[in-house]
There are 2 protein chains.
Amino acid sequence: MILRSATRPVAHAMSPIICTVDIVLLTLQRGMLHVALLKRDHAPFAGVLALPGGYVHAAEDADARDAAERTLREKTGIVSPYLEQLATFSGLARDPRGWSLSVTYYALVPDDVIAAANRPEVVLVAIDKLRGLPFDHQQIIATAVQRVRDKSAYSSLPVYLCGKCFTLPQLQSVYEAILGEPINKVSFRRKIDELDILEPIEGALEAGKAHRPAQMYRLKPRYGQHLSLTNRALNARS
Amino acid sequence: MILRSATRPVAHAMSPIICTVDIVLLTLQRGMLHVALLKRDHAPFAGVLALPGGYVHAAEDADARDAAERTLREKTGIVSPYLEQLATFSGLARDPRGWSLSVTYYALVPDDVIAAANRPEVVLVAIDKLRGLPFDHQQIIATAVQRVRDKSAYSSLPVYLCGKCFTLPQLQSVYEAILGEPINKVSFRRKIDELDILEPIEGALEAGKAHRPAQMYRLKPRYGQHLSLTNRALNARS
């Protein structure tokens, strides 16, 4: 038993596993979730739109999260305040190069952040218009979208899709877009109060509205990178 | 850019990342969650209690889940009906052998399943009595326990800690042990009804009770490996 165990590290160092990260960067455009894709510049699947991803660099990345932040920054020019590990996809079947493992992350940013990064190679595709993705990227994106939907009902997650300041009706419409259903206004406002994530911006009212301009809000600084959670779904009636 | 990308796979194949799986096998004893540990039989940390884990074997495992199932079976003799990916822990700091990555899973089984596997080397330790674990195993277990608690409030997950048949009061006490608080009986029974996971065992009543023996139930077969979910927490009042 001791002998067998002692030989294993060497045996497996000889058939290394391909270790990568992939990032599902989501944003909202015209009330629909979109994912950021880039054309792959090398084989396999050269020229095909795929998730931003790349190898873990053991010599330079402290951990997989660090690799994901670096990869997202290098490939899209974006540093996302919110980046969460999604799941690890692995096996012999997913990559023609061999047994591979991708630690995947998801991030949410307002679409003006993607525009400001000014990377024309980054393509935003609506999540119901995805076709012909390489590897298991379709499954990775579906897993991310489901996670975002599940989590949004019980947390402040959708706020990361809003800009720096927004009105409560704007925030509600972002929640509705993600959850895919209308939300009762009174119940929504009570739960947003419970989440205790927003602060009014002194003297800032929605521009361009002649009648009853709405108060603008921003995220409290302590929630810049952390979620606030609630026990009762934001789209529930009670 | 193309040249640089083309050289990367080779460069990283020369400094392989250690790919492992670790499994947090949880069970309930005397109303307290316990985790299954084994003494490590080789360096690093030889002789120290640690999670069952091991290398991913690219030549034999179809994917990381397959590696986790094989490792759990080899190390503990157990095939768990429920096994879910928890998270991937990675980096240079967690293993003295170098940059490593562990895809972790958690499983829940009744403690008589562990006893029946008859592996005296498997040690069950209460989760509030864990001391001196190697690597980041303490953090992995804490993450698993939190996941089980979060998920139990909204799903049938705790049923996997029950034996093949059980009464409703027994099931409620399992939920209470995990959630760490008493649950209102009426509300609990209504939500268990909503989950629609149980079927009464024809003619089976709790043994050894002289007065009003309780009906025995079992999990409906279709939930043998899948959870039933509810939108309203099982420990909520409403």
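Chain A exposes about 11,500 Å² of surface, and carbon and sulfur atoms supply 54% of that area (accessible areas by the Shrake-Rupley method with a 1.4 Å probe, where for residues only the protein chains shown count as cover). The model is predicted, and local features need pLDDT of at least 70, side-chain atom pairs count only at pLDDT 80 or more, and totals for chains, interfaces and linings use all residues. Residues are numbered from 1 along each chain as its sequence is written, and side-chain values use heavy atoms, with hydrogens and water left out.

Six helices and nine strands make up the secondary structure of chain A (DSSP runs, H or I of at least four residues for helices and E of at least two for strands, numbered from the N terminus). Along the principal axes, the C-alpha atoms occupy a box of roughly 75 × 45 × 30 Å. Of the 238 residues, 52% are buried (under 20% relative accessible area, 1.4 Å probe, protein chains only). Where contacts (heavy atoms within 4.5 Å) link residues at least 6 apart in sequence, 66% join residues at least 24 apart.

Helix 2 of chain A covers residues 64–76; at 1.5 Å a residue, its 13 residues should span 18 Å, which agrees with the 18 Å between its end C-alpha atoms (the expected span being 1.5 Å times one less than the number of residues). At the start of helix 2, a side-chain oxygen of Asp63(A) comes within 3.3 Å of the backbone nitrogen of Arg65(A). The buried residues of this helix include Ala64(A), Ala67(A), Ala68(A) and Leu72(A). Gly77(A), with a positive phi near 75°, follows helix 2.

How values were computed:
Chains lettered and ligands numbered in written order. Buried < 20%, exposed > 50% of the residue type's maximum accessible area, 1.4 Å probe, protein only. Polar contact = N/O pair within 3.5 Å; in protein donor to acceptor, adjacent residues only side chain to side chain.
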